[in-house]
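Hi,

Here is the structure I promised to pass on. Have a look at it first, and then read my notes below.

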Amino acid sequence: MAHRILIADDDRSSLVLLERTLAKLGFQVITATNGEEADRVLQGNNPPRLAILDWEMPGFTGPQICRRVRNRTDLNYVYVILLTAREGQAEFEHASAAGVDDFLTKPLNSAFLQHRLAVAVRVIESELQLEGKQLELAQVIQNLEALAEKRAMQLVHTERLATLGTLAAGVAHEINNPSTFISGNMKILKECWPLVDEALTRFMDHPEADQDRVGFIREEAPKIIDGALVGVDRIKNIINGLKNYSRKGNDQVAPFNVVQSLENALAICHNLLKYQIKVLKNLPTDPVVVQGDGQQIEQVFINLISNAVDAMQEQEAGTISISLTTENGQARVHLDDTGPGIPQQVLDEIWTPFFTTKEIGKGTGLGLSIVQRIIRNHEGEIEAGNRPEGGARFIIRLPLGVGAITRSNDIPVLKALEPEAQPV
Amino acid sequence: MKKATLLIVDDEVEIREMLSRNFRMRGFNVELAGNGTEALALLAEKRVDVVISDIMMPEMSGTELLRAIRQQYPMIRVIMITGYVTLENALTCMRLGAQTCIFKPFDDLDELNEEVGLALKWLRIWQVKLRALRGMKIEEGVEVK
């Protein structure tokens with residue numbers, strides 16, 4: 001690599017001679033005929049890393065230029081050699097104090113010049129390497145910091161979820177009791193109400209009765225009771241959703257028939273489906289055997305079917321199509337609906353815990369994150385997308401036969417935070 | 001015919017009150033206890049036909065109570081209720097001889113009412129047999145709704 005070198009001498013013949021010598025040695029030479037020019041070069045952006053300066057020059061002297069270079073803090077190191085005809089001790093100390101690296105006496109001895117330059121080049125190249133290493137180090141540090149921050153956040157998230165898991169379990173149990181007696185009491189009240197209503201009806205004939213008020217109470221009381229019951233029901237559903245976060249690993253690993261799981265799920269969802277939803281099934285007659293927890297997979301299908309029904313709620317009628325095929329050692333389930341589909345911008349987010357597009361009170365947003373976890377625990381994968389003809393499509397793939405669940409005893413959502421395995 | 005008597009055992013007062021209300025509305029006598037020890041003390045004094053008990057209680061748990069009742073009062077049927085929905089709980093109840101185990105929250109009280117009905121029916125069948133063997137009249141049994 002051709003190093004750039006500045007040579008400054010007001011004696012033109014010396015300058016030309018030196019320039020030729022240095023060019024022959026392979027340097028890229030920049031010349032200056034006086035101190036001012038030399039100073040301008042060294043004070044500019046990206047100056048050469050090597051400089052041979054005459055001592056006495058119009059403008060700035062060599063030592064002055066050197067001192068000015070050393071005063072720059074933004075610069076990488078510049079190796080300065082001073083040309084001098086002088087030899088005295090005082091001058092030497094003066095130049096040294098200015099930060100000069102080396103001296104060459106005039107007239108120049110070729111051998112000395114080459115030797116000194118070789119040293120200079122070694123120093124500069126060493127500096128360059130150091131600078132390179134510093135940059136690398138800075139980058140590595142930056143990467144490490146970013147990674148550390150990411151891990152710290154993951155840890156906090158994991159701890160929060162672990163806490164949530166514990167809380168959820170505790171809360172579920174604690175809420176069961178009040179939930180029970182609220183609903184029980186309301187049901188009893190509902191049973192007793194007809195008698196009260198009858199009494200109120202008769203009371204309305206009484207001259208002192210406030211007709212409007214009595215009418216109001218007769219009208220509203222049943223709604224109040226039913227409203228409370230709806231509330232309790234919703235509490236129960238939320239608690240059930242939360243309970244899935246505190247599931248310990250009671251995964252039952254055994255072979256099961258996916259066709260049967262689908263049929264079971266449809267049967268369980270029958271009530272949801274019977275009025276407005278048509279179901280098109282394309283299922284094989286032979287069993288499709290997968291290893292894992294059949295109950296969990298059934299739960300996955302129930303969740304997806306129920307989501308599809310919710311998506312089509314606003315429509316007068318809708319269709320759910322379910323098909324199951326096997327290929328390449330995999331079972332593949334397609335679950336389509338004729339609803340509005342999933343908006344492009346949320347397609348990636350739907351798997352996040354607590355994500356939901358439902359209005360407040362409807363749905364906890366935990367379903368799909370759990371569904372994804374269950375499928376992954378079975379060494380399978382689930383994708384969501386939209387059909388070209390409209391409506392959403394969920395595709396589930398599960399490996400056939402042996403070797404599905406490898407990780408039981410895990411809290412589903414926590415696994416999502418483990419570092420991804422490096423692709424081989 | 002006398003009214004049947006139920007004993008409701010639960011450490012939470014609101015649950016006891018709610019269940020008491022429900023069964024009194026259906027024409028039963030209802031006794032209440034806050035834990036297993038209280039329940040046993042009550043059983044020693046009063047005649048009870050069916051016990052409805054929670055599992056998790058201080059001093060004496062529902063399962064211990066169940067065991068004690070099976071030993072000391074074989075004619076009393078026990079219906080367990082619990083908020084802890086686990087397989088172990090259900091199995092324990094079954095092994096210890098409970099009539100059934102019902103999980104909270106109750107969707108409605110139908111299952112519980114039905115189980116009480118079944119318990120009393122069972123009781124009536126045995127009473128009829130035993131009284132026939134002892135030569136007593138059938139009418140002196142307990143009213144079963």
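Let's start with one of the sheets in chain A. Five strands form an open sheet there, in the order β7-β9-β10-β12-β11, and the pairing is mixed. The edge places go to β7 (277-282) and β11 (381-386) of chain A; each has a single partner strand, so one side of each has no neighbour in the sheet. On average, neighbouring strands of this sheet are turned by 15° against each other, direction ignored. Before you read too much into any of this, keep in mind that the model is predicted.

Inside that sheet, β10(A) pairs with β12 (residues 392-399) of chain A in the antiparallel sense, over seven bridges. If you want a pair to click on, take A:Leu335, whose bridge partner in β12(A) is A:Phe394.

Which strands does helix α7 (residues 258-268) of chain A touch as it packs on the sheet? They are β7, β9 and β10 of chain A, and the direction of α7 makes about 170° with that of β9(A). Helix α10 (residues 367-377) of chain A packs on the sheet too, where it touches β11 and β12 of chain A. Its direction makes about 135° with that of β11(A).

While you are in this part, stop at the loop between β9 (318-327) and β10 (330-337) of chain A, where you will find A:Asn328. This residue has a positive phi of about 50°, although it is not a glycine. As background, most residues other than glycine have a negative phi, and most peptide bonds are trans.

That brings me to a peptide bond worth a look: the one joining A:Lys106 and A:Pro107 is cis, with omega at about -5°. A:Pro107 sits in the loop between β5 and α5 (110-203) of chain A.

β5 belongs to another open sheet of five strands in chain A, with the order β2-β1-β3-β4-β5 and parallel pairing.

Now over to chain B. Its strand β1 (residues 5-9) runs parallel to its strand β2 (residues 29-33), and five bridges join the two. Going from β1(B) to β2(B), the chain passes through helix α1 (residues 13-25) of chain B, and this β-α-β crossover is right-handed. Across the pair, B:Ile8 stands opposite B:Leu32 in β2(B).

Finally, how do the two chains meet? On the chain B side 17 residues are in contact with 15 residues of chain A. About 1,600 Å² is buried between chain B and chain A, with carbon and sulfur atoms giving 58% of that area. The interface has four residue pairs in polar contact, counting pairs with both residues at pLDDT 80 or more. How many salt bridges cross the interface of chain B and chain A? There is one. A salt bridge to look up is that between the side chains of A:Glu191 and B:Arg26, at 2.5 Å from N to O.

Cheers

Technical notes. Residues numbered from 1 in each chain as written. Chains lettered and ligands numbered in written order. Predicted model: local features only at pLDDT ≥ 70, side-chain atom pairs only at ≥ 80, totals over all residues. Heavy atoms only, no water. Pairing = 2+ DSSP bridges. Helix = DSSP H or I, 4+ residues; strand = E, 2+ residues; numbered from the N terminus. Right-handed = clockwise from strand over helix to strand, strands pointing away. Contact = heavy atoms within 4.5 Å. Buried area = accessible area lost by both parts, 1.4 Å probe. Salt bridge = Lys/Arg side-chain N within 4 Å of Asp/Glu carboxyl O. Polar contact = N/O pair within 3.5 Å; in protein donor to acceptor, adjacent residues only side chain to side chain. Axes fitted to C-alpha atoms, helices over the stretch in contact; angles between N-to-C directions.
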